[in-house]
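Please have the sequence and the coordinates open while reading.

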Amino acid sequence: MNEKEISILGIPAMLIPIPRNQLRGLNADTLLRFWFYSTTFNNQDLCIIQAKKMDEYSPLKYRRATEKIEEVLNKPVAVLLDSLAYYERERLIHQGVYFIVSDKYAFLPSLIVNVQAKKKTKISTKLTPAAQYILLYYFLADGIDELTINGLQEIMPYNYLALSRAVINLEECKLCRTAKGNNGTKFIRFEPSKRELWEKAQAYLSSPVKKVLYSDSIPEGNFSVSGINALSYYSRLNPEPYETVAIWDKLFNIRNTSYNEAEGPCKIQIWKYPTTIPNQQKSSVVDKLSLYLSMKDEPDARIGKELEIIIEEMKW
């Protein structure tokens, strides 16, 4: 069973198959009669079930099945249907069964009301941290024409669902396109050239720095060199005696040492995504493109000049 994409009231949603080991507690009959998927809608985790033989299930049977599944998985359960007559919708609603009908209707009362799909959808104006991380990996990788979510999951510290959402975000910003192969695998492809795509992406990219703290000494942990000393590594700029280091916010533990938000010889940047890109040679220094995005608004003309040189000398 492969992942697939549906639309819930005009909003794309990726359905990720739920592994059998996460369905323990359900009886064999239920496991055999449905396909099970996980997804998110309005920032809410959902389980989506689809009957293998839809004509076998009445609204009452759907209610009993969804109640049991919700009890086991501890999250809302919705039934995916290809089509549904008006009177059948009313019967499902009467039974309190959550359901999604193609791109036309959805009954998810804890999230939305029962309405007909609207044509207008929210347009992404910025990349999410995970989407930006994927795009930067593509820019910096050698000899890669296309990616897959499974391949990305093997090298990135994000799960399948997070990567699926990130790819949808990239598509919404028109920075990639996807296509399915004969075996159902979704391929992620980028056009045009990397340099042209970098220029196009500027409207959607943002600084990776989420927060800045200060400390009297470099703390222990998964920190990477950032700031001026990272720039000096990639350019002719001289290093400075004061350190700037970066760490992904998911790895940062403020209790490890004493920090403050005012001043100190060591600057600690808390990043929105990992501070190292997979398969880059120098893992102790942040990557060139993230460094550029974190420093491009610095008022120092020397910094601006060296950043421009880094971009011009990139092997796109």
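Which residue takes a positive phi in the hairpin of S3 and S4? In this predicted model, the residue is Asn42, with phi near 55 degrees, and the hairpin has 2 residues between its strands.

**Strand S3 and its partners**

Strand S3 covers residues 34–41 and is mostly covered, with 7 of its 8 residues buried. Its pairing with strand S4 (residues 44–51) is antiparallel and runs over 8 bridges. Within that pairing, Phe34 has Ala51 of S4 as its bridge partner. S3 is also joined to strand S2 (residues 11–17), again in the antiparallel sense, by 2 bridges. Here Pro17 stands opposite Tyr37 of S3.

**An open sheet of four strands**

Elsewhere, 4 strands make up an open sheet with mixed pairing, in the order S12-S15-S14-S13. Strand S12 (209–215) and strand S13 (224–225) are at the edges; each has a single partner strand, so one side of each lacks a neighbour in the sheet. S13 pairs with strand S14 (residues 244–248) in the antiparallel sense over 2 bridges. Ser224 is found opposite Ala246 of S14.

| Strand pair | Sense | Bridges |
|---|---|---|
| S2 and S3 | antiparallel | 2 bridges |
| S3 and S4 | antiparallel | 8 bridges |
| S13 and S14 | antiparallel | 2 bridges |

**Nonpolar cores**

The largest nonpolar core holds 57 residues, and those touching the most other members are Ile134, Leu135 and Trp198. Helix H4 (residues 129–140) supplies the largest share of this core, 10 residues. Leaving aside residues up to four places away in sequence, Ile134 touches Leu147, Leu152, Met156, Leu163, Ala166, Val167 and Leu170. There is also a second, separate core of 23 residues, with Cys47, Tyr57, Ala65 and Val79 among them.

**Lys186**

Is Lys186 buried or exposed? Its relative accessible area is 5%, and residues under 20% count as buried, so Lys186 is buried. Lys186 belongs to strand S11 (residues 186–189). Its side chain makes a polar contact with the side chain of Glu5 at 2.9 Å. Not counting residues up to four places away in sequence, the residues touched by Lys186 include Glu3, Glu5, Met14, Leu147 and Thr178.

**Helix H10**

Helix H10 has 12 residues (residues 301–312), which at 1.5 Å a residue should span 16 Å; the end C-alpha atoms lie 17 Å apart, in agreement with this. Its buried residues are Ile303, Glu306, Leu307, Ile310 and Ile311. These cover an arc of only 140 degrees around the axis, so they are on the same side of H10. The exposed residues on the other side of H10 are Ala301, Arg302, Lys305, Glu308 and Glu312.

What covers the buried residues of H10? The cover includes helix H7 (194–201), helix H8 (227–234) and helix H9 (288–295). Arg302 itself is one of the exposed residues of the helix.

Methods. Residues numbered from 1 in each chain as written. Predicted model: local features only at pLDDT ≥ 70, side-chain atom pairs only at ≥ 80, totals over all residues. Heavy atoms only, no water. Pairing = 2+ DSSP bridges. Core = buried A, V, L, I, M, F, W, Y, C linked by side-chain atoms within 4.5 Å. Buried < 20%, exposed > 50% of the residue type's maximum accessible area, 1.4 Å probe, protein only. Contact = heavy atoms within 4.5 Å. Expected span 1.5 Å × (residues − 1). Arc of directions from axis to C-beta. Polar contact = N/O pair within 3.5 Å; in protein donor to acceptor, adjacent residues only side chain to side chain.
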